[in-house]
Amino acid sequence: MKINIKRSSFYLGLLASGMMLTTSGCDESWLEPKPLSFYAPENTFNSASGLWGALVACERNMRHEYTGDGPPILTEHIFTEVAIEGTTDKSGPAQDMNLLITPDANLNSVNTNKIGWYWYEGFNGIKYANTVISRIDDPTDYESEAERNHILGTAYFHRALRYYRLTNQFGDVPLLLEEILEPRLDFYSTDREVILRKMKEDLEWAEPWVPEVMDRGQVPKGAIQHLLTKVNLALGEFDDAIASASRLIDGGTHALMTERFGSTGNDPDRNLIWDLHRPENKSLNANTEAILMVMDRLETDGNSGGMSSMRQAVPFWITNINTPNGNRGTIDQPGIEIDHVSRYGRGIGRLRGTWYHQSMIWDDENDLRHAPGNWMDMTDLVYNNPDLIAQGDEYYGQPLQFRNDEGTVLVVDTIRSWFSWPHYKLFIPDPQNIRPNGGHSDWYIFRLAETYLLRAEAYVWKGDMANAAADVNAVRTRAGAAPYGPEEMNIGTILDERARELYYEEPRKTELTRMAYIFANTGIQAYNGKTYSIDNFSEENFLYDRIMEFTDYYNKGVFTRHGDTYTYSPYHVLWPIPANAINTNTQGIINQNKGYSGFENNVPPLTTVDGNHSSTED
């Protein structure tokens, strides 16, 4: 499992030169090809290396979900019960969902949300993959059929990954299976299940052709099996999900990390969970838990400006917390006696964990994921402003306080500046900034802990609670927590464990919507005693009920310092399709989701992969 930075950098250079003929911007004609140079596809894609170069664009596209300021993965979290948008000093961030989440709103901005990014970049990833799929027989230098099929299987994976995400973010979307060689304005939405069945077919074909061991950052067989498990779950095919997950778990290549390892493995002040999430340990050969990674390295071609994880998800502790004497208690000055900013980063509290994620899910004091040193509470910080010494304020060096003895709140902004966080996951050294934001790091896309939880979920859907408990406990006991009994298993238990294990990794809104679809399509009773129907999916669904059950912000009169109220509605189970994508598609109809303007113009979605209706004409 070595890392081939040189090869990836070479291909990124090719792409930067314009050899990817079909790349395009995401604010206009979202699927229109725009040639960027004199390079022609017949000259670019007539070799196996040219096709691999095209697939590097998919890897880059995948990496950008986690990098930069306000990365898209935040949007996946704030539409669930684990976190809210914490930016409280302006209007625009996704807080008043009923007002702001509309098809014609700004859906692709650091200062609003990244719904639009998922739409446009999802289809960009599909476009890159389709270029390879359509041109798979152009090269004349394949060493074997296996090499051809390996490339094709990898392209199938990237296309399936984007469609898995899109169908659980937006529902019915256009199905594109070939390279688009000329502008088209005649797209129609295809039924979500039809798309997922095609993706399952492609992944099953790809699985035997993709090797088990690949360079880190590339797609190995395990990634095919992991994604296939998710697609099987989305289709309600639970036995197949168990089978595909079991092939990965029992395949011999991957295993949960249960012993200390890597650069921090001998540090007595740290533990296994810390080791697992150190940037320098994630891509080690010794890390058998890693399945699929994105690579972002300092001073390498194609890096993305860093993860900014501390900036995004650490509280804005810098200026908003006073001492009981009324003096400014904290400061983000590096190099001082009590240097918090170098240790924890200059957080702005954009991703604000909910009480559910901070407290409710932590049911075992021995859980290393919530242990001191790995998990930070605000009272673990102390008043560090050196001016307090000159002011004679005795609270210098003492733990931060939320209230004084009279009960007065000492925090100017309780939403943004006072919450706990998983330091072990968010802390990334950032040598380029004296006030660290969170620097460059490889990042997990898939790891085996999630595979266990996916298989556990499949067992729960089947009612096999003993096997479900065994899989959940494989993850829990690795973290030092006590095992659960079969009687404690339900979908809520799975979601709780996912929240403990996969915060800032998983696309949680995607997974919650997938589960909501399963409840609606099967009629299985949820742990809350309710049953759901696909017939009124946008009016009543499991995702909305889950968020209302565990989040104390939405629809309860909670508002920000700027005066914006937190609201949420059942139809947010699916995001709005950007109005520009619909309005520029003048010769076809891309359906809008129920609850949003434009839904009244919908037509029945296509129900076959060849773009036809099976029984209904337009």
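A salt bridge is a side-chain nitrogen of Lys or Arg within 4 Å of a carboxyl oxygen of Asp or Glu. The model here is predicted, so local features need pLDDT of at least 70 and side-chain atom pairs count only at pLDDT 80 or more, while totals for chains, interfaces and linings use all residues. Residues are numbered from 1 along each chain as its sequence is written, and side-chain values use heavy atoms, with hydrogens and water left out.

Q: How many salt bridges does a search of the whole structure find?
A: The search finds 52 salt bridges.

Q: Why is the pair R350 and D69 called a salt bridge?
A: The closest N and O atoms of R350 and D69 are 2.7 Å apart. The limit is 4 Å, so this Arg and Asp pair qualifies.

Q: What makes this a link between distant parts of the chain?
A: R350 sits in the loop between α13 (340-344) and β5 (351-353), and D69 in the loop between α3 (48-63) and α4 (73-78). The two residues are 281 residues apart. Helices (H or I, at least four residues) and strands (E, at least two) are DSSP runs, numbered from the N terminus.

Q: Why is R350 called buried?
A: Buried means under 20% relative accessible area, exposed means over 50%, and partly exposed lies in between (1.4 Å probe, protein chains only). R350 has 7% relative accessibility, so R350 counts as buried.

Q: What makes R197 and E193 a salt bridge, and where do they lie?
A: Their closest N and O atoms are 3.2 Å apart, which is within the cut-off for an Arg and Glu pair. Both are in helix α8 (residues 192-206), and because they are four residues apart, about one helical turn separates them. R197 is partly exposed at 36% relative accessibility, and so is E193 at 38%.

Q: How do you know that E506 and R498 are buried?
A: E506 has 4% relative accessibility and R498 has 0%, so each value falls on the buried side of the cut-off. Their side chains meet in a salt bridge (2.9 Å, N to O).

Q: Why is T451 called buried, and what is T451 in contact with?
A: T451 lies in helix α18 (residues 448-462), and its relative accessibility is 0%, so T451 counts as buried. Contact means heavy atoms within 4.5 Å. Leaving aside neighbours within four places in sequence, T451 is in contact with H226, A245, L248, I249 and I291.
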